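Here is a short briefing to read alongside the model. Take a look at the sequence and structure, and then we can walk through the RNA surface and the pockets together.

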Amino acid sequence: MTVRVRFAPSPTGYLHVGAARTALYNYLFAHANDGTFILRSDDTDRARSTEAFQEDIVEHLTWLGLEWDEGYNKGGSHGSFRQSDRYERYRDVAGELIESGSAYYSFATPSQLDAFKKAAREAGTSPAYDGSLEPADSEVAGRIASGESAVVRFKVPRPGETRFVDSVRDDMVFDHKQVDDFIILRSDGTPTYHLASTVDDVDYRITHVIRGEDLLSSTPKHILLTRAMGAEPATYGHLSLLMGPDGKKLSKRQGDTAIGAYREAGFLAGAINNYLALLGWSLGDDVEVASIDEMVARFDMKDVSKNPAVFDAQKLEWLNGVYIRAMSDDEFVACTLSSVQDVLGRTLTEAERLQFVEMAPLVRERTKLLPEVADQVCFLFTNVVQYDEKSWSKVMVGPEAPAALDAAISVLSGLDPWTTESIEAALRGMLEVTGLNARRGLQPIRVAVSGSMVSPPLFESLAVLGNAKTLTRLKTARSLL
RNA sequence: GCCCCCAUCGUCCAGAGGCCUAGGACUCCGCCCUUUCAAGGCGGCAACGGGGAUUCGAAUUCCCCUGGGGGCACCA
């Protein structure tokens with residue numbers, strides 16, 4: 001039996017980190033078992049589903065590298081992977097279920113149902129609707145024929161219970177007292193999630209359903225439906241939910257949850273995948289950093305954690321730094337060049353691009369988030385240095401600043417060749433002569449040239465900047481003292 | 001209210017009866033390296049929620065409590 005799993009988001013919101021994690025685990029499980037990873041669109045909620053959300057999901061899943069083998073936009077052997085295209089199929093199944101006695105037309109009104117639940121609550125019993133408000137079978141045909149509005153409900157066997165082995169939580173038992181005769185077809189004839197999702201899982205031969213814990217208590221419904229369709233239920237595995245720093249369910253209130261927002265903030269797909277894998281799973285052997293392939297090699301549902309995990313943005317940032325440092329010069333330049341140009345407001349010349357490439361290894365070492373790169377290198381490409389107020393007041397007001405700048409100007413004028421080594425030698429000689437320690441003697445130069453007391457390494461920066469610009473900046477700063 | 005899931009440092013994860021004086025990672029704090037900032041190295045702070053039971057022995061098994069999470073829609 002070949003493994004077939006699916007990620008089936010509803011396009012009612014952007015792809016968020018929790019959903020991405022579910023997608024990742026499905027992907028890992030599929031690849032670890034030589035299976036097929038399918039993307040489906042569970043868009044039965046016509047009111048809230050939008051094309052924009054659907055595109056966001058597809059775009060970011062692709063960006064994360066979680067390619068699906070079959071499904072949305074890719075086709076496959078089982079027809080459309082968009083539920084809104086398959087209403088007819090769901091209606092047919094509902095009809096068959098009514099035919100076989102597994103489902104029935106329900107006329108209970110909302111107010112009747114409310115009363116039912118209220119009574120149950122007061123009696124301290126389960127509020128799950130058991131079909132007790134329905135008319136006698138003999139009445140049904142007539143009422144339907146007369147055009148009375150009705151939904152179709154699944155008839156849960158009572159008494160009874162559903163047992164299954166959850167691949168992350170082991171033995172699970174649900175008493176049918178807790179399972180309501182759920183609606184499978186709305187009064188307008190459209191299917192609900194339970195019906196559509198289950199029919200699709202059966203039709204597309206899904207062998208393993210890996211999804212969020214929020215669906216755990218709906219699983220008996222899906223299993224009952226599957227059996228009523230004459231099929232064998234898949235193996236279900238429920239992932240614990242992600243929570244925010246306050247221990248509450250992760251929401252926009254606590255910061256960004258959309259993958260797109262993380263991408264824009266400068267996170268790398270690899271880092272996000274890696275972090276999401278760490279959240280609720282252990283690769284063992286104290287391994288923290290691993291590629292998708294390594295994860296696939298180690299993945300086992302049995303090692304997936306049962307407890308809810310708090311999303312820790314700080315650890316994600318650390319990991320992002322790890323991934324940035326692991327990039328090659330070319331990769332690094334390729335994925336940061338545009339943001340540098342955006343900040344600059346213009347395109348870099350070829351010469352400037354080379355300067356950027358030269359600085360890349362130095363800058364990469366101190367970058368956690370991609371946009372930080374621009375802050376670090378922009379001083380190279382501007383004509384007027386923007387002095388950071390705090391840096392200026394801390395470094396340039398001391399009595400040593402003028403002396404340091406004067407000495408630097410004299411020692412750097414006419415320096416040839418102009419290289420990191422020669423600059424370092426000259427400046428170290430300058431420190432010797434002036435008697436200034438490195439901090440006092442060099443920081444003024446850093447501020448004069450970069451505008452800030454925090455910058456990439458000084459000698460290298462000056463080498464890349466070139467002697468003309470360096471001297472101009474030193475003189476300009478000197479004149480301001 | 002009813003049902004379900006979960007429970008080790010602040011956070012994520014190791015730990016499947018003696019190897020635990022509870023390990024790793026992030027964060028934080030020192031020190032080293034050092035021209036700033038990083039990175040790196042070294043070190044430190046920090047946890048088995050509580051109570052019973054089983055056992056020679058429990059973080060590991062069982063029960064209760066507590067706490068957190070989820071579900072109980074013509075949402076998914």
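How far is a phosphate oxygen of RNA strand B from an N or O atom in the side chain of Trp-318? The distance is 3.4 Å, which falls under the polar contact cut-off (a pair of N or O atoms within 3.5 Å). This is a predicted model, in which local features need pLDDT of at least 70 and side-chain atom pairs count only at pLDDT 80 or more, while totals for chains, interfaces and linings use all residues. Residues are numbered from 1 along each chain as its sequence is written, chains are lettered from A and ligands numbered from 1 in the order in which they are written, and side-chain values use heavy atoms, leaving out hydrogens and water.

**Around RNA strand B**

- RNA strand B is surrounded by 66 residues, each with a heavy atom within 4 Å of the strand; Ser-10, Arg-169, Arg-186, Arg-366 and Arg-446 are the closest.
- Of the RNA strand B atoms that come within 4 Å of the protein, 70% belong to sugar and phosphate.
- By class, the surface has 24 nonpolar, 19 polar and 23 charged residues; Ala, Val, Leu, Ile, Met, Phe, Trp, Tyr, Cys and Pro count as nonpolar, Asp, Glu, Lys and Arg as charged, and the others, Gly among them, as polar.

**The largest pocket**

- A pocket here is an open set of points on a 1 Å grid over the protein atoms alone, where a 1.4 Å probe fits, with protein on both sides within 12 Å along at least five of seven lines; lining residues have an atom within 4 Å of a point.
- The largest pocket holds about 1200 Å³, the space filled by probe spheres set on the points, which are joined across faces, edges and corners.
- Its lining counts 41 residues, with Ser-10, Thr-12, His-16, Ala-19 and Asp-214 nearest the centre.
- Helix 1 gives the most to that lining, 5 residues.

**The second largest pocket**

- The second largest pocket has about 300 Å³ and 14 lining residues, including Tyr-104 and Lys-155.
- Strand 4 gives the most to this lining, with 3 residues.

Notes. Polar contact = N/O pair within 3.5 Å; in protein donor to acceptor, adjacent residues only side chain to side chain. Helix = DSSP H or I, 4+ residues; strand = E, 2+ residues; numbered from the N terminus.
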